[in-house]
Amino acid sequence: MKARILVVEDEDIMRITVLDHLRHQGWQVDEATNGNDALALVKKNSYDLIISDIRLPGINGEKLLIEVKHHTPRTEVILMTAHGSTEDAVHCLKKGAADYILKPFDLDDLTFRVQRLLNILIIKARCVSLENCCGHRQPLIGSSPPMQRLLKLISQVSQSVATVLIQGESGTGKELVAAAIHYESNRADKPYVRVNCAAIPAGLLESELFGHEKGAFTGAEQTSIGKFELANQGTILLDEIGEMPLNLQVKLLRVLQEHEIERVGGKAPIPLDVRVLCATSRTLTEEIKKGKFREDLYYRLQVIPVSVPTLRERKEDIPLLSDFFLQQFGQERGLKFTLSPEASQALNNYPFAGNVRELRNILERVTVLAPAPKIQLWDLPIEIRGVTDDSTEKGEINLAASVAVAEKKCIRKALRKTAGNKTEAAEILGISRKNLWEKTKLYQL
Ligand SMILES: Nc1ncnc2c1ncn2[C@@H]1O[C@H](COP(=O)(O)OP(=O)(O)OP(=O)(O)O)[C@@H](O)[C@H]1O
Ligand SMILES: [Mg+2]
C-alpha cells in the first residue's frame, strides 16, 4: 500500500533511524520534532498513520492523539513510550490509539506493526467501497405518510427473526428496505448476504445457495460453502425470489422449516441460524396461479409482508428525493445543483413508472448534461417537460414549458434574420445582449 506516515520524535538519532527504516520499506514518511509542528502537518496533509513519542516538547503525544482523532478520525496512531510508562500508553489506547511500542524496540517489530495497521486500513477502505457500491447503507429518503408507515414497520420487523417478504414495483427501493431491516436488527454486526436469484443460472443456484462438496458434480474440484453458510448468524436477502425454480423452492421450504441446509453432494445437514428476507417485484399470488410458485412456500415466506409504496403514492417525497440525488451527484463533481421552480413542478407532476430508480437516473443524466448548476425546465427530458417544440399546437397547457418553446422560436428567428449577430438580434427581440447570451446558452441554441 502507498502509505503516508508522520514520525514525531524529539530525539534526533531515534527519529532519523525510524525515518530511514520506514522510507526503506517504500513508504512516504514526514517528520516533526515536537507536537505543535506535528499538528500543523496533520492539518495540512492527509496521513494514514502517525508514529509519535508520548513525551514531546509542546503538546504531548496524548494531546496530539486527541487532536488527530478529532481532525482526521481515520488516521491511525502508534505511540512510542519508554519502559515504565506503560500506563500512559494503555491510557492512550483507551483514547483511540491503535497500538504502542516500548522503547528501545526492534525496527522489524515496528515495521510488522505498521504493516499490520496498513492492512487493516486497506480492508476498511474495501468495506466502505463495497457498502457504497451495494447501496447497503444508503438512507431511505422520504417523509410522506406511506414512507413513515414503512419506516415504522421496518423498525418493528427488525426486532424479530421472522421471515419477511418485501414486495413492490421495480425501482421502489426494496433492496434498501432489506438492508435497513438488517442494519437496524441486532444482527447488524454479522454478515449481510444478498443473492439475486434472477442473475444466477437455474442450474448453479442450488450450489450458490447451499454450497457443494468436492466431487459433487463435474467441475466441483473443491468443497465450497454457499451463501446461506456465509450468512450464518446474520441475514440473507433472496432477491427476485419469484425467479427461483420450483425444485429449489421445495429445498428452500425445508431450510426455513428445519433451520438447516445440505450442501450439494453432502452427507449430513448443517444447522444454521440465518434470518431470511425475500424480495420480489412480481405478484407472487399470480405466479402461484400460473403454477410457477409454490403456495406453501409463499405462506411460509410472508410471515411478515412488507409492501414498498410506489413513487406515485408518495409524490410529496419527490422534492426530498430530488434534493438528495442532486446533492449526491453534485458532490461527485464539486457542484451545487438546484432545480428551478418550473423544473421542480414538472418532476412533481410526472408519473414515474420506474419509481425512485427512474427519478435517480433522470437526475444523474441531467446533472451531466445541464449547462448550469441551476436546472431549468428545458434541461429535463422531453417526456417530463410534458411539451415538445410543436406541441403548443396540440394544446399543451403547461405555461412555463410553452413560454420556453415560444422564446426558443423567437430567438431562433431573430438569430437567423441577423445571420447570428447577437447584438442586432437582441435589439430586435427587445432584450439585453447579456440576457440573449444567457438564453442561447440555456436553450443550447
Ligand atoms: N427511499 C429511497 N431513498 C433513497 N434512494 C432510494 C429510495 N428508494 C430507492 N432508492 C434508490 O433507487 C434505486 C433503486 O432501488 P432498489 O434497487 O432498492 O429498487 P428495487 O425495488 O430493488 O428494484 P428492482 O425490483 O428493479 O430490483 C437505487 O439506486 C436506490 O438507491
Ligand atoms: Mg432489487
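**How do you know? A chat about this predicted model**

Author: This is a predicted model. Ligand 1 has 17 residues around it, and those that come nearest are Ser170, Gly173, Lys174, Glu175 and Val356. Helix H7 (174-184) and helix H15 (355-369) are the elements that give two or more residues to that shell.

Reader: Which domains does the shell around ligand 1 draw on, with at least three residues from each?

Author: Domain 2 (145-309) and domain 3 (314-442). By class, the shell holds 4 nonpolar, 9 polar and 4 charged residues.

Reader: And how far apart are the C-alpha centres of domain 2 and domain 3?

Author: They're 43 Å apart. The contact between them takes 8 residues from domain 2 and 7 residues from domain 3. On the domain 2 side, that's 3 nonpolar, 4 polar and 1 charged.

Reader: What residues meet where H2 packs on H3?

Author: From H2 you've got Gly35, Ala38, Leu39, Val42 and Lys43, and from H3 there's Lys63, Leu64, Glu67, Val68 and His71. Sorted by class, the contact has 5 nonpolar, 2 polar and 3 charged residues.

Reader: How do you know that the span of helix H1 agrees with what it should be?

Author: Take 1.5 Å times one less than the number of residues. H1 (residues 12-24) has 13 residues, so it should span 18 Å; the end C-alpha atoms are 18 Å apart, which agrees. Just after H1, Gly26 takes a positive phi of about 100°.

Reader: What makes His259 worth a look, given its phi?

Author: Most residues other than glycine have a negative phi. His259 isn't a glycine, yet its phi is positive, about 55°. You'll find His259 in the loop between helix H10 (246-258) and strand S9 (260-261).

Reader: Which kind of peptide bond joins Lys103 and Pro104, cis or trans?

Author: Cis, with omega at about -10°. Most peptide bonds are trans. As for where to look, Pro104 sits in the loop between strand S5 (99-103) and helix H5 (107-134).

How values were computed
Residues numbered from 1 in each chain as written. Chains lettered and ligands numbered in written order. Predicted model: local features only at pLDDT ≥ 70, side-chain atom pairs only at ≥ 80, totals over all residues. Near = placed C-beta within 6 Å. Helix = DSSP H or I, 4+ residues; strand = E, 2+ residues; numbered from the N terminus. Nonpolar A, V, L, I, M, F, W, Y, C, P; charged D, E, K, R; others polar. Domains from an automatic or database assignment. Contact = placed C-beta atoms within 7 Å.
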